[in-house]
Amino acid sequence: MTADIPTTVTIPAPNGPDDSPAEQTPPTPPSDPTAPEIPLRRNRAYLLLTTGRFSQAIGAGVGTFAIPLIAYEVTGSVAQAGLISGIGQVGALLATLPAGVVADRVNRRTLLLFAATTGTALWATVVAAGLGGTLNAWHLAAVLFGSSMVSAFVNPASGGALRAVVPAGQMANAMAVNQGRMAAVGLFAGPVGGLLYGMAHVLPFVASVVGHLIEVVAISFVRKPLNGERTGQTHPLADLREGLRFVGAVPLFRAVLVLITLLNLTAIALIVAINLELVRTGTDPRLIGLVDACAGISMLAGAIVAGPIVQRTRVGCFGVLTIGLLAVALVVMALQPTYWVFVSMLAVGVFLYPALNAGFTGYLTVIIPDRMMGRATSLLGLTGLIAAPAAPVLGSALLEWLGIGATLWVMVGAMVCVVVALCFTRPLMRIGKPDTWAADVLE
C-alpha cells in the first residue's frame, strides 16, 4: 500500500518567506491552451504511453513475484533468496537522485525507450539462462539490481511525459485511470505469476520480456513532443543542488516528505505485522493471501470511483477523510484483533486511497515546472524508498516486543498524528479542486 498526501490552492514560491500566494509564471505549456480538449480515450499519445506503462507493470509484477521462488530453487537457501530479492531496492535507492537529474536533461522519449529496451534485454537474459539451465544467484541479483535502476529512471521521465500530453484540466481523470490500472496490476500480478510459474519456471520472466517489449513498441509510436524546457547548460551536480533547493524551499514539499514517509512507514509495517501475526497463529496460507486480496479488490473498487471523487472534492480535505478512515479501521482492529476483522477493516481502510493518490499526484504533475519535473519527482519519491526497507523491520519488531494488540494501537497513534498534522499544515489544506490546479503552477 503506497500512500500519497494532499496539497493546496496557492503554493508559496520557493523563495517566499511565508505562506502568502506566490507570483507564479507558467512554464512552457505542455499543449496548445487554445486547442479544444479531446477526451482521454481519443488522446493517442496518452493511450500509447499508458498502455506501454501498464504492460511493463504487469510483466514486471509477474516476474518480481517469481523471483523469490526461483531464487530459492537456485540457491536452496531462504536467507539467500531473501537477500537476492532485497537487492532490487538498493539499485532503486542509489539511482533515484541521479535519475531525476538525467530526466530533466535529456529527451524523455529517448530515455523511456532506452529504459524499456534495457529492461527487455535484462529479463531476456533470465529467460535464456533458465532455458539453458545456467541461471545462478549472481545472475538473478544482477538483473534485479539493473531492473530496479532502470525503473528509477522511468518514473521521473514518465511523469513529465504525461504532463506533456494531458491538459491540466484532465490530469485528475488521467491519474484516476492510472490508479485503477496499477491496482489491477497489484491484484493480479501475484496469481498470474504463480500460475505461470507452476506451468514452467521460466514463463513469468517471459511475461516480463513481453511487457517491456510492448512498452518499447508503444513509446516508439508516440510522435508528440514529450519535453518542454530542458536543463543541460549547467553541471549535473549543479542541477541536483537546484532540485534540492527547490523542493526544500516549498513548504508543501517539506510537509509531504515528512508526512508521506510516516504514512508509508505505518501502512507497510501494518501489513507486515498482520501477516506475521496470522503466520504465527497458524492461519492457513490461503486465508492469509485472502487478506491482501480483499485489500487489493477494495483499492481497485476505489480506483473506479476515484475520478468523480477527485473532480468534486478538495484534495486537502479529502486527505483528512482518507487517513481518518484508516485510523478508525485500525481502532476496530486493535479492539478486536481477529482474522475476519483484519479482512474487513483493511478493505474499508484502504478504499479511499486510490482517489487520494490520484488527486495528489495529479496536482503535483500540474504545478511542478516542466524543467524541474524529474528532480522534484525523484526527491519526493524517496519517501517510498525510505519506508520500503524500514517498514518490515519496524512491523516485525513491534509485533515481537508488544504483541498484535499493542502494535495496532501504536499504528493508531501514528495515524492520528498524521491526521492532526494534515489539519494544521496550511499548504496541504488549501489545495482546491482540479479546475483550480493550473493557477497554482510554481515559478
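Which backbone nitrogen does a side-chain oxygen of Asn136 reach at the start of α4? It is that of Trp138, to within 3.1 Å. This is a predicted model, in which local features need pLDDT of at least 70 and side-chain atom pairs count only at pLDDT 80 or more, while totals for chains, interfaces and linings use all residues. Residues are numbered from 1 along each chain as its sequence is written, and side-chain values use heavy atoms, with hydrogens and water left out.

View 1. Helices here are DSSP runs (H or I, at least four residues), numbered from the N terminus. Helix α4 covers residues 137-165, and its 29 residues should span 42 Å at 1.5 Å a residue; the expected span is 1.5 Å times one less than the number of residues. The end C-alpha atoms of α4 lie 41 Å apart, which agrees.

**View 2. Asp104 meets Arg375.** The two side chains form a salt bridge at 2.7 Å, N to O; the term means a side-chain nitrogen of Lys or Arg within 4 Å of a carboxyl oxygen of Asp or Glu. This pair links distant parts of the chain, with Asp104 in helix α2 (residues 78-105) and Arg375 in helix α14 (residues 373-423), 271 residues apart. Asp104 is buried at 2% relative accessibility, and Arg375 is buried with a relative accessible area of 2%. Buried means under 20% relative accessible area, exposed over 50%, and partly exposed in between (1.4 Å probe, protein chains only). Asp104 and Arg375 also belong to a salt-bridge network with Glu242 and Arg371.

**View 3. Arg105 and Asp239.** In this salt bridge the closest N and O atoms are 2.4 Å apart. Arg105 sits in helix α2 and Asp239 in helix α7 (residues 236-249), 134 residues apart. Arg105 is partly exposed at 22%, whereas Asp239 is buried at 1%.

View 4. Glu277 and Arg280 pair up with their closest N and O atoms 2.9 Å apart. Both lie in helix α8 (residues 251-280), three residues apart, about one turn of the helix.

Methods
Helix = DSSP H or I, 4+ residues; strand = E, 2+ residues; numbered from the N terminus. Polar contact = N/O pair within 3.5 Å; in protein donor to acceptor, adjacent residues only side chain to side chain.
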